[in-house]
Amino acid sequence: MGTPAAPDRSRPSVLVVEDDDTIGRHLETGLRGNGYTPTWSRTGTSALTEAARRAYDAVLLDLGLPDLDGLDLARTLRTRFPDLLIVILTARTDDIDVIAGLDAGADDYLVKPFSLTVLLARLRAHLRRQTIASPPQRPLRLGDLTVDMTARRCTLHGTDIPLRPKEFDLLALLGRHPGEAVPREALMAQVWDENWFGPTKTLDVTMAGLRRRLTQAAEASAHPCRLPRITTLRGHGYRLERGA
Ligand code: CA
């Protein structure tokens with residue numbers, strides 16, 4: 001596993017899931033020519049694989065795919081990648097389908113045929129809102145632990161805990177979703193982003209390291225310490241307990 005490339009915030013990455021050659025090529029060319037980094041998947045299965053390989057900023061999802069149901073795919077993507085922007089592309093104009101798409105976890109939809117200009121305007125608006133909504137992030141308070149994402153510091157009663165970069169990312173990600181079961185795939189995709197493909201043993205090793213460093217810091221502290229409890233969900237992932 002090499003050093004993950006930092007995501008290029010100036011060229012947002014967009015996963016295009018579209019089986020139609022003409023539309024797919026049109027989107028790929030249009031996005032690339034307008035400051036985005038597109039990746040084109042022609043099937044639902046390959047889109048799932050691709051989405052787990054790197055942390056995408058947005059997905060454009062055609063509902064009529066050859067292998068998977070588009071709504072099921074939207075639901076799966078939403079579960080695995082809670083922060084991902086999902087825009088559904090649909091030829092179905094019934095309100096009921098649009099509602100089903102939004103219920104499945106999509107953030108927005110466009111009815112085909114749509115113009116590239118409208119698509120780009122929607123993407124811009126959504127991604128700008130995300131940028132405003134996320135950083136600068138307030139430090140997380142997890143028991144007596146403070147996790148400051150902006151400064152990348154983890155402190156216990158004010159004393160720094162020297163976490164490795166991936167241990168820090170893992171703690172910060174779980175800490176942003178207290179009480180929620182976070183699947184292994186989501187952790188791998190968001191903490192190790194595009195360099196991950198395959199076994200997830202590295203996640204267990206990193207989690208063991210994180211737990212060890214937190215315990216050692218608590219033992220070394222002069223004060224009684226409440227540490228966040230991270231529960232292992234066998235075969236699924238991890239959950240940082242709410243109120244820890
Ligand atoms: Ca289609």
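Two strands count as paired if DSSP finds at least two bridges between them. Strands (E, at least two residues) and helices (H or I, at least four) are DSSP runs numbered from the N terminus.

**Basis.** I am working from a predicted model: local features need pLDDT of at least 70, side-chain atom pairs count only at pLDDT 80 or more, and totals for chains, interfaces and linings use all residues. Residues are numbered from 1 along each chain as its sequence is written, and side-chain values use heavy atoms, with hydrogens and water left out.

**Sheet.** I looked up E1 and E2 and found parallel pairing over 5 bridges. Ser13 stands opposite Thr37 of E2. The open sheet has 5 strands, in the order E2-E1-E3-E4-E5, with parallel pairing. E2 (37-41) and E5 (108-111) are the edge strands; each has a single partner, so one side of each lacks a neighbour in the sheet. From one strand to the next the twist averages 20°.

**Helix H3.** I then turned to H3 (residues 70-80), which lies across E1, E3 and E4 (85-90). It runs at about 165° to E3 (axes are lines fitted to C-alpha atoms, for helices over the stretch in contact; angles run from 0 to 180 degrees between N-to-C directions). Contact means heavy atoms within 4.5 Å.

**Calcium.** Which residues coordinate the calcium ion? I find Asp19 (OD), Asp62 (OD) and Gly64 (O), at 2.3 to 2.4 Å. Donors are N, O and S atoms within 2.8 Å of the metal (3.2 Å for Na, K and Ca); water is not among the atoms, so sites may look incomplete. The donor spacing along the chain is D-x42-D-x1-G. Asp19 sits in the loop between E1 (13-17) and H1 (21-32), and Asp62 in E3 (residues 58-62), 43 residues apart.
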